[in-house]
Amino acid sequence: MFSVDRMRALHAVAQHGSVARAAAALHVTPSGVSQQLAKLEREAGLALLEPRGRTVRLTRAGQVLVGHAERVLAQLAEARTDLERLREDVFGPLRIGSIATCVHALLPPALAALTEQHPRLNVTLGEGEAEQTLPKVLAGDLDVAVFESWADRPTVVPAGITQVTLFSDVADLALPAGHRLAHRRTVDLSEVDDVSWISWTGRSGCYEWLVHVLRSQDLEPRISCTIGSYVTQLALVAGNVGAALVPRLARGPVPDGVRMLATRPVLNRTIIAACRSGEEAHGGVRAALEALSEASATYVNH
């Protein structure tokens, strides 16, 4: 198998008539071109060039090989063009995995924009937390993941993943309207020591985060309900079943019987989109990241 760089050197000599001019065209040294040609002749087993005064000319073997070099280099140029078109064109499958709150609030406007702007894009969307979606992105089973990272319990992102920060969000305390602290605007979490808690489904990242937050305030969490829906959690709070920590993005209309309180400490999370490193410039992934960023503008400083 002949080296492409050596074939390119031979092609340049054939075009320019001398090693020096070929080297200038390739932006390398004449000795570098001479070394490439010497190696190519050894690979071919035939002389490819012969001196002609101060220049060189191709032998018959050199002419044959240059013909092949022209076709090889043209094919490589076409391949580069096709890849550049792929970088710009937005079509084909695009697989997104997202946490539930963003599926509810962020993905609808983002997907609507993608559908309108790129009708040849075939988008599929699934729900999942970072511990589920990030390994799939790394493995190539998902193209884009949307996940959360809490300031007090950051999500560990594996190497090989490129992250795009979308916006910041805050979780507030949802209390039954009759609770002794419900009249407050802000409450120290350490004071909320007389309620059961309503959490996301057991052993999920959100569940572990709630346990972490409460224990950091010297509270031993008594979790009575594990529900994979913040809307349902708020309905249970309204029914005086317990308290919940609900991100503002996920809140929606607050039902009667629920009071939302700011907390000390403030519970901040960052919403992040991620893809495999190197994919962020490619058509569908690039378009998805742009659509998510545009949809996120609504929630900046939410």
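How many cavities of 30 Å³ or more does the count come to? The points below start there.

1. The count comes to one cavity of 30 Å³ or more. Here a cavity is a set of points, on a 1 Å grid over the protein atoms alone, where a 1.4 Å probe fits but cannot get out. Grid points are joined across faces, edges and corners, and a volume is the space filled by probe spheres set on the points. The largest cavity has a volume of about 70 Å³.

2. A word on the basis: this is a predicted model, in which local features need pLDDT of at least 70 and side-chain atom pairs count only at pLDDT 80 or more, while totals for chains, interfaces and linings use all residues. Residues are numbered from 1 along each chain as its sequence is written, and side-chain values use heavy atoms, with hydrogens and water left out.

3. Do look at the lining of the largest cavity, where residues have an atom within 4 Å of a point. Among them are Trp 150, Trp 200, Trp 209, Cys 206, Tyr 230 and Gln 233. Strand E8 (197-199), H8 and helix H9 (230-238) each give two or more residues to this lining, and H8 provides the largest share, three residues. Helices (H or I, at least four residues) and strands (E, at least two) are DSSP runs, numbered from the N terminus.

4. Pro 221 sits in the loop between helix H8 (205-216) and strand E9 (223-226). Pro 221 counts as buried because its relative accessibility is 17% (buried means under 20% relative accessible area, exposed over 50%, partly exposed in between, with a 1.4 Å probe and protein chains only). Leaving aside neighbours within four places in sequence, Pro 221 is in contact (heavy atoms within 4.5 Å) with Val 211, Leu 214 and Arg 215.

5. Ala 23 belongs to helix H2 (residues 19-26). Ala 23 is buried, with a relative accessible area of 1%. Beyond its neighbours within four places in sequence, Ala 23 is in contact with Val 28, Thr 29, Pro 30 and Val 33. From Ala 23 to Leu 107 the C-alpha to C-alpha distance is 53 Å.

6. Finally, Val 4 is found in helix H1 (residues 4-16). At 32% relative accessibility, Val 4 counts as partly exposed.

Definitions and conventions: 1 Å grid on protein atoms, 1.4 Å probe; cavity = no way out; pocket = protein on both sides within 12 Å on 5 of 7 lines; lining within 4 Å.
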